[in-house]
Amino acid sequence: MDYVSMNALTLTDFGAVIAAGRNYQRTYSEDNGLTSNEYHRMGLHMMAIDTAANIKWVRNVRRNDVQKNDDGLLRTSLIYRNGKTLLIKSESPKYPSTYDIAKEAKEYKVDSKGNIVMYCIGNDGEVEKLTLLGKSPYKLLTVGEGVDGRLLIMTANGKRTRQTKLKIEN
């Protein structure tokens, strides 16, 4: 399919989870010869695959994100912990506070305030959504695992970055 590429991957107890979406770039040319780029990320489709290459579950997440001049803050992170796949991403504060993909995704410009959210997907495919940081100018950079078992969430706002530690309990 045109413009579909992988956004994230994580290994699990049963195999792996892949997150893919429609990703494309638009280039605008001005009359004076200057060009500017706009990066778009549309939809996020997650698929759990076991070690025999069977599809275990498929889940979709709303996404209609735009960033000018760079695509560095359009990332998503997938981590597998305690039998759950954790998808962490920035999104529009207008999205519902629960997992609901029934309505059309509104455009979210990365320079505006947004939420940093975590979708928790169990091995059976059940989804929960948590807002980690609401209506904030900070955007997700990356997520890693600390030596103490906590998630290290790096966020950015312009030239400022910030690290948050998140303890995940069963």
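This is a predicted model: local features need pLDDT of at least 70, side-chain atom pairs count only at pLDDT 80 or more; totals for chains, interfaces and linings use all residues.

Strand β5 pairs with strand β6 (residues 84–91) in the antiparallel sense, and 5 bridges link the two. Within this pairing, Tyr80 has Thr85 of β6 as its bridge partner. The hairpin that β5 and β6 make has 2 residues between the strands, and Asn82 takes a positive phi near 50° there.

## The open sheet

An open sheet is formed by 5 strands in the order β1-β2-β3-β4-β7, and the pairing within it is mixed. Its edge strands are β1 (4–11) and β7 (108–109), each of which pairs on one side only. Strands of a sheet pair through backbone hydrogen bonds, and the pairing may be either parallel or antiparallel.

Strands β3 and β4 pair in the antiparallel sense over 11 bridges, and in this pairing Met46 has Arg59 of β4 as its bridge partner.

## Nonpolar cores

The largest nonpolar core has 16 residues, and those with the most contacts inside it are Val17, Ala19, Met46, Trp57, Leu78, Leu87 and Tyr119. At least two residues of this core come from each of the strands β2 (15–29), β3 (35–50), β4, β5 and β8 (114–122). A second, separate core has 11 residues, including Leu86, Leu140, Leu151 and Ile168.

Trp57, one of the residues with the most contacts inside the largest core, is in contact with Val17, Met46, Met47, Ala48, Thr85, Ile121, Gly122, Asn123, Asp124 and Gly125, once its neighbours within four places in sequence are left aside.

Not counting residues up to four places away in sequence, Asn60 touches Leu44, His45, Tyr99 and Ile101, and a polar contact of 2.7 Å joins its side chain to that of His45. Asn60 and Ile121 are 61 residues apart in sequence, while their C-alpha atoms are 11 Å apart in space.

Arg62 is also found in strand β4, but Arg62 is buried, with a relative accessible area of 9%. A polar atom of the Arg62 side chain lies 2.9 Å from the backbone oxygen of Asp100. With residues up to four places away in sequence not counted, Arg62 touches Lys89, Tyr95, Pro96, Asp100, Ile101, Ala102, Lys103, Glu104 and Ala105.

## Thr155 in strand β11

Thr155 is found in strand β11, which runs over residues 151–157, and it counts as buried because its relative accessibility is 3%. If its neighbours within four places in sequence are left aside, Thr155 is in contact with Ile116, Tyr138, Lys139, Leu140, Leu141, Arg160, Thr161 and Arg162. Among these contacts, Leu140 is also included in the second core.

Notes:
Residues are numbered from 1 along each chain as its sequence is written. Side-chain values use heavy atoms; hydrogens and water are left out. Contact means heavy atoms within 4.5 Å. A polar contact is a pair of N or O atoms within 3.5 Å; within protein, one must be able to donate a hydrogen and the other to accept it, and residues adjacent in sequence count only if both atoms are side-chain atoms. Two strands pair if DSSP finds at least two bridges between them. Helices (H or I, at least four residues) and strands (E, at least two) are DSSP runs, numbered from the N terminus. Buried means under 20% relative accessible area, exposed over 50%, partly exposed in between (1.4 Å probe, protein chains only). A nonpolar core is a set of buried Ala, Val, Leu, Ile, Met, Phe, Trp, Tyr and Cys residues joined through side-chain atoms within 4.5 Å.
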